[in-house]
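Work through the exercises below with the sequence and the model open side by side. Each task is followed by a worked solution.

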Amino acid sequence: MTILWRRAAALLHHEAAGGVLLMAAAAVALIMDNSPFDWLYDAMLTTPVVAQVGNLVIDKPLLLWINDGLMAVFFFLIGLEIKRELLEGRLSGWSEAALPAVAALGGMIVPALIYVAFNYQDPETLRGWAIPAATDIAFALGVLALLGSRVPVALKVFLLALAILDDLGAIIIIALFYTADLSLASLLIAAISTAILVGFNMAGVRRIAPYVLVGLVMWVCVLKSGVHATLAGVIIALTIPLRVPERSAPSPLKRLEHELHPWVAFFIMPVFAFANAGVHLGGISMSDLLAPIPLGVALGLFVGKQIGVFGFAWVATRAGICRLPEGVNWLQIYGVALLAGIGFTMSLFIGILAFPDPDHAAAVRLGVLSGSILSAVMGYTVLRLSTEPVAPVRGGARQPVKTAA
């Protein structure tokens, strides 16, 4: 039993564990939704869940609690990562941020244009233009981690920075383009809550509890305002203190990031994937796969991402705006560009915002799943062929293993 426990613990600490669990949750959703237990899958997600405090009532099905509530925690973690990286991490200087920033920009523009090319004649389906513009950090890094030590550290850093900037772009898109009718009263209270949180930061408040309490009020107000509630998570994250005057004191932001990461990776994201990846495949024909929404999403992710990420990076490098990381070649950058086409969680999430009507939900899921799977398989293949296994040598150093020609 002890040996099994240790092996399970080691598996959970593996870099690819979060991505593998995400894939498993999506697979279970697909199996359940195409089995005699499909009624149970639907019944679980439509179960009403009510929270009430006095006259304040929030009555939503379980699916919306997952998408509005749990995903707010996911976006909170993304906000923490973005703030840390911008202030003292890989994105704190232009020399470090230039290449992933340019690549992320291309990785949002080209997929969106490809989707528009297939949907420009229909104003309703055109709302989904941002679906293929997103990258799933956990899924992409999980596939990269499957290659182990063959992947240069600089390449992992590039993909992480690219995915974080990509998510920042997705957050801005959600804020600007996917909002419902606005409630000015709720927005005013949310703005006051934001001012209080900023005041906490400026006053040197280091305890996390006050931020959480005011943050909950903000989340409810944003939920009621018409702006998507997940954006509250990002705003709260940006007010959490990163630096503290005492060198020995722990950073509240880093502590929260460290404590939340396993919950997000091993619970929130798999639950979201399970709740949103179910697609009933019975009766699906080739014409369904070639419909404007799934085709635009799939080609946007698989074709648009590789063209946008790789193309923009190549042009920017040739123009002298940025340079390749040391020890990384162009074939490896192309492999990462393919992995950036794994939209999955973020693409599904934007699809929910773009098409609240369930009539388009299956089409979005088909496009996201097919485009993400193609990107994952091809990205893994290209990176495996373009990297060499690394073996330990005497003294603790590592060097490439020579393979037969």
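**Exercise 1.** How many of the 6 residues of strand E1 (residues 48–53) are buried, and does the strand lie largely in the open or under cover?

Solution. Keep in mind that the model is a predicted one. A residue counts as buried when its relative accessible area is under 20%. Applied to the 6 residues of E1, this cut-off gives a buried count of 0, so the strand lies largely in the open.

Next, find the partner strand. E1 is joined by 6 bridges to strand E2 (residues 56–61), and the two run antiparallel.

Last, look at the turn. The hairpin of E1 and E2 has 2 residues between the strands, and Gly 54 takes a positive phi near 65° there.

**Exercise 2.** Classify Ser 193 as buried or exposed, and list its contacts beyond four places in sequence.

Solution. Start with the location: Ser 193 belongs to helix H8 (residues 184–202). Its relative accessibility is 4%. The limit for buried is under 20%, so Ser 193 counts as buried. With neighbours within four places set aside, Ser 193 is in contact with Val 214, Val 217 and Met 218.

**Exercise 3.** Which residues make the nonpolar surface patch of about 340 Å², and which helix gives the largest share?

Solution. The patch is made by Leu 105, Ile 109, Leu 113 and Phe 312. Helix H5 (residues 94–119) supplies 3 residues, the largest share. Take Leu 105, which is placed in H5. Its relative accessibility is 44%; this falls between the 20% and 50% limits, so Leu 105 counts as partly exposed.

**Exercise 4.** Which members of the largest nonpolar core touch the most other members?

Solution. The core has 114 residues, and those touching the most other members are Phe 74, Phe 75, Leu 80, Trp 219 and Phe 344. Helix H7 (residues 153–177) gives the largest share of this core, 13 residues. For Phe 75, leave out residues up to four places away in sequence; it then touches Ile 171, Ile 174, Thr 230, Gly 233, Val 234, Met 346 and Phe 349.

**Exercise 5.** Where does Asp 122 lie, and what separates its C-alpha atom from that of Pro 292?

Solution. Asp 122 sits in the loop between H5 and helix H6 (137–145). With 34% relative accessibility, Asp 122 counts as partly exposed. Asp 122 and Pro 292 are 170 residues apart along the chain, while their C-alpha atoms are separated by 9.3 Å.

Notes. Residues numbered from 1 in each chain as written. Predicted model: local features only at pLDDT ≥ 70, side-chain atom pairs only at ≥ 80, totals over all residues. Heavy atoms only, no water. Buried < 20%, exposed > 50% of the residue type's maximum accessible area, 1.4 Å probe, protein only. Helix = DSSP H or I, 4+ residues; strand = E, 2+ residues; numbered from the N terminus. Pairing = 2+ DSSP bridges. Contact = heavy atoms within 4.5 Å. Patch = residues over 30% accessible without salt bridge, like charges linked within 9 Å, V, L, I, M, F, W, Y side chains within 5 Å. Areas by Shrake-Rupley, 256 points an atom, 1.4 Å probe, with all protein chains shown as cover. Salt bridge = Lys/Arg side-chain N within 4 Å of Asp/Glu carboxyl O. Core = buried A, V, L, I, M, F, W, Y, C linked by side-chain atoms within 4.5 Å.
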